[in-house]
Amino acid sequence: MISGISHITFIVKDLEYTAQFLIKIFDAKEVHSKDNTIKYFLIGDLWIALNKGEPLSERTYNHIAFKIQECDIDNYIARIKEAGAEIKSGRPNRKASEGRSIYFYDFDNHLFELHTGTLSERLKSYTK
């Protein structure tokens with residue numbers, strides 16, 4: 001039986017650069033590093049692995065979304081800008097009742113979202 005997400009792995013060109021990106025934006029804590037090829041982090045209780053390799057060649061909407069509180073939106077926007085990441089516009093058809101989101105890419109074309117809503121709010125918005 002699946003009990004949750006074990007970990008998420010990202011292939012990145014520059015481990016140190018991406019490490020600083022995770023630390024600045026997500027307050028990630030580095031817990032292991034090996035041979036300049038692998039780094040492990042914790043973001044909250046979530047295990048994030050970075051493996052050195054060639055980055056994605058193009059951007060897609062495939063993404064990982066982290067839950068944040070509405071009151072923290074401005075703080076995260078400032079962190080993202082400070083890290084040098086480009087903030088993208090959200091989905092145009094999203095209703096305000098679904099929660100707010102910030103979308104941004106890292107330097108290896110991985111898309112991240114910081115989201116204030118819940119699944120139940122999203123599903124409820126579809127019935128209106």
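Visitor: Which residues in H1 are buried?

Guide: Welcome! Keep in mind that this is a predicted model. Burial is judged by relative accessible area, and under 20% counts as buried. In H1, the buried residues are Leu-15, Thr-18, Ala-19, Phe-21, Leu-22, Ile-25 and Phe-26. Looking down the axis of H1, you would find these buried residues within an arc of 160°, so they line one face of the helix.

Visitor: Where is H1, and what span does it have from its first C-alpha to its last?

Guide: To read a helix, find its end residues and compare its span with the expected one. H1 covers residues 15-26, which makes 12 residues. Its span is 16 Å, close to the 16 Å expected at 1.5 Å a residue.

Visitor: What should I look for at the start of H1, and what follows H1?

Guide: Let's take the two ends in turn. At the start of H1, a side-chain oxygen of Asp-14 comes to within 3.1 Å of the backbone nitrogen of Glu-16. After H1 comes Asp-27, with a positive phi near 55°.

Visitor: Which residues line the largest pocket?

Guide: For a pocket, read the space and then the lining. The largest pocket holds about 150 Å³ of space. Its lining consists of Phe-26, Asp-27, Ile-43, Gly-44, Phe-66, Lys-67, Ile-68, Tyr-76 and Leu-114. By type, the lining has six nonpolar residues, one polar and two charged.

Visitor: You mentioned a positive phi. Where is Asp-35, which has a positive phi too?

Guide: Start with the angle, then find the residue's place in the chain. Asp-35, a residue other than glycine, has a phi near 50°. Look for Asp-35 in the loop between strand E2 (29-34) and strand E3 (38-43). Asp-35 is exposed, because its relative accessible area of 63% is over 50%.

Visitor: And Asn-109, buried or exposed?

Guide: Asn-109 sits in the loop between strand E7 (101-105) and strand E8 (111-115). Its phi is positive, near 70°. At 18% relative accessibility, Asn-109 counts as buried, since the cut-off is under 20%.

Note on methods. Residues are numbered from 1 along each chain as its sequence is written. This is a predicted model: local features need pLDDT of at least 70, side-chain atom pairs count only at pLDDT 80 or more; totals for chains, interfaces and linings use all residues. Side-chain values use heavy atoms; hydrogens and water are left out. Helices (H or I, at least four residues) and strands (E, at least two) are DSSP runs, numbered from the N terminus. The expected span of a helix is 1.5 Å times one less than its number of residues. Buried means under 20% relative accessible area, exposed over 50%, partly exposed in between (1.4 Å probe, protein chains only). The arc is that of the directions from the helix axis to the C-beta atoms. A polar contact is a pair of N or O atoms within 3.5 Å; within protein, one must be able to donate a hydrogen and the other to accept it, and residues adjacent in sequence count only if both atoms are side-chain atoms. On a 1 Å grid over the protein atoms alone, a cavity is a set of points where a 1.4 Å probe fits but cannot get out, and a pocket is an open set with protein on both sides within 12 Å along at least five of seven lines; lining residues have an atom within 4 Å of a point. Grid points are joined across faces, edges and corners, and a volume is the space filled by probe spheres set on the points. Ala, Val, Leu, Ile, Met, Phe, Trp, Tyr, Cys and Pro count as nonpolar, Asp, Glu, Lys and Arg as charged, and the others, Gly among them, as polar.
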